[in-house]
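Subject: The two-chain model

Hello,

Here is the structure I promised you. Please open it first, then read on with it beside you.

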Amino acid sequence: MNDLENRVWRGLRDLADSVPHTPDARARLEGRLTARRSRRPLAIAAAAAVVVAAVAVPIVLVKPDAHRPATTQTTSPSYTPPPGWLKLADYADNGVAKQAGLTVDPDGNGYCLNSSAGAQPTTYACYEVPVWGEAMNPARYVVAVGVLGTAGPMRNTGPLQDVLLFVTAPEVAKLEVEGAYGDPADVREVARTTKAVYWVADFDGPTQGKSYTVSDANGHVLESAIE
Amino acid sequence: VNTATEPEPRTESAGFDALFDRCFEPMKRLAFLLGADDPENIAQEAFVRLHDRWAALSDQEKALAYLRRTVVNLSRSRLRHLRVVRRAPRERDRDAASAESLALANRVMRDALATLTSRQRQVVVLRYWLDLDQQAIADTLGIAVGTVKATTSHAMAALRDALAQEDDR
């Protein structure tokens, strides 16, 4: 190698050595793999057919290659969701089918995230709807949280790490979300009040490095960012 | 029967775990040298994707080649993604490190790398950091060996100019 090549060779090593070691890399990987494993069976079943009947009716998971139910998992016959309960996502927790859900306070000033798999939902976290718009500095139109909340027992290692609840200002008409590498997330609006709009974004992958853009009804961008 | 000399059978997960232990940090540094703003995330994602395909990869060399390609592609996607979104990304740990904490030589090299095109940077990093030969670089980037040669030549000329300018400051 000539002098320039030697300098580049040495310089790249010095630069690479400035990157700090990640002590918990294995645990982080396990968390990601666990999240994917937890959701995959449900995703496959959903692609074929998932029949969700009314309350107290069995959830039937159908194999892609079968015409009859392969597995039947039944929610508790006594289970009655609270008024206004909205399902955000299905997932499996140690083989038990569960649903992450949202309830919005009647006055619209707050909301709670919970999970149901039996008689009653388990509430993981409740939040106040923030002050929106130019009243904040910098102006704020969006907040995002994991659908199992920020305090739930599985928030870092469990399922649904790649599904986020976005809460936006009521003037937001459109939310676009992308993963770290530009892949669009699957976004759907789940509730709208005079105080906020609630959306679910399914990334099918890690949410770190996500970006989002929110626009009003006239197409004006209100906020756009990478996190 | 003396079984003491018999090696333990290798399991699927043992091979994957060994590769992770050996290559996670190098793959993270590869993403960093390619200019990605979150090399940790890219290395993690590369290993998740490798895990999905582990059964189809018959040996560790193929797995390593797959990892390299994935990190290069994810880094490229990430950089492209950053360019099209309006607001600058939040400063991350790497960037938060103050200029004082970086050796002058590191800053000079980092600035010189920043003058290269994306493809030039990829070729330089794969050649002079991973020590890959031209064929392996071509395979990783999905380009011809001739393109690797030409790109390397242009990149080194650009680096010579950039480093000379930095030295004159």
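First, a term you will need: buried area is the accessible area, taken with a 1.4 Å probe, that two parts lose on being put together, summed over both. Keep in mind that this is a predicted model.

**Where the chains meet**

Chain A and chain B bury about 4200 Å² between them. Carbon and sulfur atoms carry 58% of that area. Look for three residues on the chain A side: A:Leu15, A:Tyr181 and A:Ile226. Together they supply 18% of the area that chain A buries against chain B, more than any other three residues.

How many residues does each chain bring to the contact? Chain A gives 43 residues, and chain B gives 48 residues.

The interface also has polar links. There are 23 residue pairs in polar contact across it, both residues being at pLDDT 80 or more. Which elements of chain A give two or more residues to the side that touches chain B? They are α1 (3-17), α2 (25-48) and β14 (221-226). The largest share comes from α1(A), with twelve residues. By type, this side of chain A divides into 18 nonpolar, ten polar and 15 charged residues.

**Salt bridges**

Side chains of opposite charge can pair when their charged atoms come close. A search of the whole structure finds 13 salt bridges over all chains. Five salt bridges lie across the interface of chain A and chain B.

B:Asp131 forms a salt bridge with A:Arg13, and the closest N and O atoms are 3.1 Å apart. A salt bridge needs such atoms within 4 Å, so this pair passes. Where do the two partners sit? B:Asp131 is in the loop between α6 (118-128) and α7 (134-141) of chain B. A:Arg13 is in helix α1 of chain A.

**The four-stranded sheet in chain A**

Now turn to the strands. One open sheet of chain A has four strands in the order β4-β5-β6-β7, with antiparallel pairing. Its edge strands are β4 (86-93) and β7 (122-128), and each pairs on one side only. Neighbouring strands are turned by 20° against each other on average, direction ignored.

Take the pairs in turn. Seven bridges join β4(A) to β5(A), which run antiparallel. A:Ala92 has A:Ala97 in β5(A) as its bridge partner. These two strands form a hairpin with two residues between them. In the turn, A:Asn94 has a positive phi of about 55°.

Next, β5 (residues 96-104) and β6 (residues 110-116) of chain A pair in the antiparallel sense over six bridges.

**The three-stranded sheet in chain A**

Another open sheet has three strands in the order β10-β13-β14 of chain A, again with antiparallel pairing. Here β10 (174-178) and β14 are the edge strands, each pairing on one side only. The twist averages 5° from one strand to the next. Five bridges join β10(A) to β13 (residues 211-215) of chain A. In that pair, A:Val177 has A:Tyr212 as its bridge partner.

One link to finish with: β14(A) is an edge strand of this sheet, and it also gives two or more residues to the side of chain A that touches chain B.

Best wishes

How values were computed
Residues numbered from 1 in each chain as written. Chains lettered and ligands numbered in written order. Predicted model: local features only at pLDDT ≥ 70, side-chain atom pairs only at ≥ 80, totals over all residues. Heavy atoms only, no water. Contact = heavy atoms within 4.5 Å. Salt bridge = Lys/Arg side-chain N within 4 Å of Asp/Glu carboxyl O. Polar contact = N/O pair within 3.5 Å; in protein donor to acceptor, adjacent residues only side chain to side chain. Nonpolar A, V, L, I, M, F, W, Y, C, P; charged D, E, K, R; others polar. Pairing = 2+ DSSP bridges. Axes fitted to C-alpha atoms, helices over the stretch in contact; angles between N-to-C directions.
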